[in-house]
Amino acid sequence: MVTPVDEIMMSCALNQATKAASRGEVPVGAVVYRDEQVLAEAHNLRESANDPTAHAEIIALKQAARVIGSWRLEGCSIAVTLEPCPMCAGAMINARVQRLVYAAADPKMGCVRTLYELVTDQRFNHRIEVVEGVLADECGRVLSDFFEALRGRRSATSDP
């Protein structure tokens, strides 16, 4: 069930995604929160950090763990603008995140509902409550605009 706090946190994640786009990063943002308290906010940094693990979710989970002083993020939620990939979904399981709120589905890498259902798989020792589609249109638009602009830059610089 979507709460007003989930919508507020997704708006914050969307702001992070916009920051990522302005830096030439794939526009994904994440916010880790407990109740109404923001513990961490992050956006993708793979390109600028030359780090394949620098996804918004991973960065935010690490920051939140430092803030609370524990790798166990029990009682925490994470809002993400794009359905998490297998690496990020696995990190959320390992961190014991309680709830995942995400916006847009990811047909290429989504491992929460689209390609796999990792965070609710009964074979794992921890499962995560999932809320999907929060601000999906707005978050999806930021991603679409980013990739359209990227394709436009590539075709403008390529030789005929």
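Of the 160 residues of this protein, 45% count as buried. Buried here means under 20% relative accessible area, exposed means over 50%, and partly exposed is in between, with a 1.4 Å probe and protein chains only.

A word on the source. This is a predicted model, where local features need pLDDT of at least 70, side-chain atom pairs count only at pLDDT 80 or more, and totals for chains, interfaces and linings use all residues. Residues are numbered from 1 along each chain as its sequence is written, and side-chain values use heavy atoms, with hydrogens and water left out.

Now the overall fold. The protein has 5 helices and 5 strands. Helices (H or I, at least four residues) and strands (E, at least two) are DSSP runs, numbered from the N terminus. Read from the N terminus, the order is α-β-β-α-α-β-α-β-β-α. The radius of gyration is 15 Å, close to the 15 Å from the globule rule for 160 residues, so the protein is as compact as a globular protein of that length. That radius is taken over C-alpha atoms, and the rule is 2.2 Å times the number of residues to the power 0.38. Along the principal axes, the C-alpha trace spans about 55 × 30 × 30 Å.

Next, contacts, meaning heavy atoms within 4.5 Å. Take those between residues at least 6 apart in sequence: 56% of them join residues at least 24 apart.

Let's zoom in on one pair. R99 sits in strand β4, residues 99-104. D6 sits in helix α1, residues 4-22. Is R99 buried or exposed? R99 is buried, at a relative accessible area of 11%. D6 is buried too, at 0% relative accessibility.

What joins their side chains? A polar contact of 2.8 Å links R99 and D6. A polar contact is a pair of N or O atoms within 3.5 Å; within protein, one must be able to donate a hydrogen and the other to accept it, and residues adjacent in sequence count only if both atoms are side-chain atoms.

Each partner also reaches a backbone atom. For R99, a polar side-chain atom lies 3.4 Å from the backbone oxygen of M1. For D6, a polar side-chain atom lies 3.0 Å from the backbone nitrogen of T3.

Who else is around? Setting aside neighbours within four places in sequence, R99 contacts residues including Y33, C76, I128 and E129. With residues up to four places away left out, D6 touches M1, Y33, R99, V101 and V134. D6 and A79 are 73 residues apart in sequence, yet 7.1 Å apart in space, C-alpha to C-alpha.

Now helix α4, residues 86-95. Which of its residues are buried? They are C88, A89, G90, M92, I93 and A95. These buried residues pack against α3 (56-68), β3 (77-82) and β4. Just after α4, R96 takes a positive phi of about 65 degrees.

Last stop, helix α3, where we find K62. K62 counts as partly exposed, at 48% relative accessibility. K62 and A149 are 87 residues apart in sequence and 31 Å apart in space, C-alpha to C-alpha.

To close, return to the pair: R99 and D6, with side chains joined at 2.8 Å.
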